[in-house]
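Here are my notes on the model, written as numbered points. Please keep the structure open while reading them.

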Amino acid sequence: MNVFNIERAFAQKKSRNWDKLFVCVDLHDCIIKGTYTLNNEGRELYPHAQEVLQWFSRRPDVVLILWTSSYKRPIREIVEWLRAHGIVFQFVNENPLCPDTQLCSFRQKFYFNILLDDKAGFDGETDWLLIKEELIRIGEWEQSDEGESADTFFGGRFKRAIKRIRATFS
Ligand SMILES: [Mg+2]
């Protein structure tokens, strides 16, 4: 089984010489348990979500896209809160790095390689660990740039993404 398209996505990246993989992640009942409050008061990360999302954040060839039907202020708050947990989403509900091509219009369905959403079968309680095990199995897990300090990590690579989200969701 090709768990959440992870094995195929990494294989295609290699065979087609792609620079990036785009990982689209739903918020409620996927990263955090749904609290049914506007600003996600009492939010709680699912087991292994932090570890796996940190790993994705630190991979220079992975772009995390938050996929959520939240309102502006909760989006801004949750993006900042996740960043404080070492998880960096570069875009929210869009992928401006993949513009339209001759064959494809991405205006109404933006491009991504991996989708993690409880409505698409993801189970927050069990599947973050499943993803970690899948990444270990296909030999990707250890290749993360673990040596980079948090300062370099937040201050440098994601400056533009952070600014863009702050401007859009203020
Ligand atoms: Mg959901």
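1. A residue counts as buried if 20 or more other C-beta atoms lie within 10 Å of its own, as exposed if 12 or fewer do, and as partly exposed in between, with C-beta atoms placed from the backbone. Helices (H or I, at least four residues) and strands (E, at least two) are DSSP runs, numbered from the N terminus.

2. Before going on, note what kind of model this is. It is a predicted model, in which local features need pLDDT of at least 70 and side-chain atom pairs count only at pLDDT 80 or more, while totals for chains, interfaces and linings use all residues. Residues are numbered from 1 along each chain as its sequence is written.

3. Which residues of H4 are buried? In this helix, residues 127–137, they are Asp127, Trp128, Ile131, Glu134 and Leu135. Viewed down the helix axis, the buried residues of H4 fall within an arc of 120°, so they line one face of the helix. The arc is taken from the directions that lead from the helix axis to the C-beta atoms. An α-helix has 3.6 residues a turn, so residues three or four places apart point the same way.

4. What covers the buried residues of H4? The cover includes helix H1 (6–15) and helix H2 (49–58). Contact here means that the C-beta atoms of two residues, placed from the backbone, lie within 7 Å. Just after H4 comes Gly139, with a positive phi of about 80°.

5. Next, the sheet. Four strands form an open sheet in the order S3-S2-S1-S4, with parallel pairing. Its edge strands are S3 (91–92) and S4, each of which pairs on one side only. Two strands are said to pair if DSSP finds at least two bridges between them.

6. Strand S1 (residues 21–26) is mostly covered, with five of its six residues buried. S1 runs parallel to strand S2 (residues 62–67), and six bridges join the two. Between S1 and S2 the chain passes through H2, and this β-α-β crossover is right-handed. Right-handed means that, with the strands pointing away from the viewer, the path from the first strand over the helix to the second runs clockwise. Within this pairing, Phe22 stands opposite Val63 and Cys24 opposite Ile65.

7. S1 also pairs with strand S4 (residues 114–116), again in the parallel sense, over three bridges. Here Val23 has Ile114 of S4 as its bridge partner.

8. Phe4 is not a glycine, yet has a positive phi of about 50°. Phe4 lies in the segment before H1 and is buried, with 20 other C-beta atoms within 10 Å. Asn40, also not a glycine, has a positive phi of about 55°. Asn40 lies in the loop between S1 and H2 and counts as partly exposed because it has 19 C-beta neighbours inside 10 Å.
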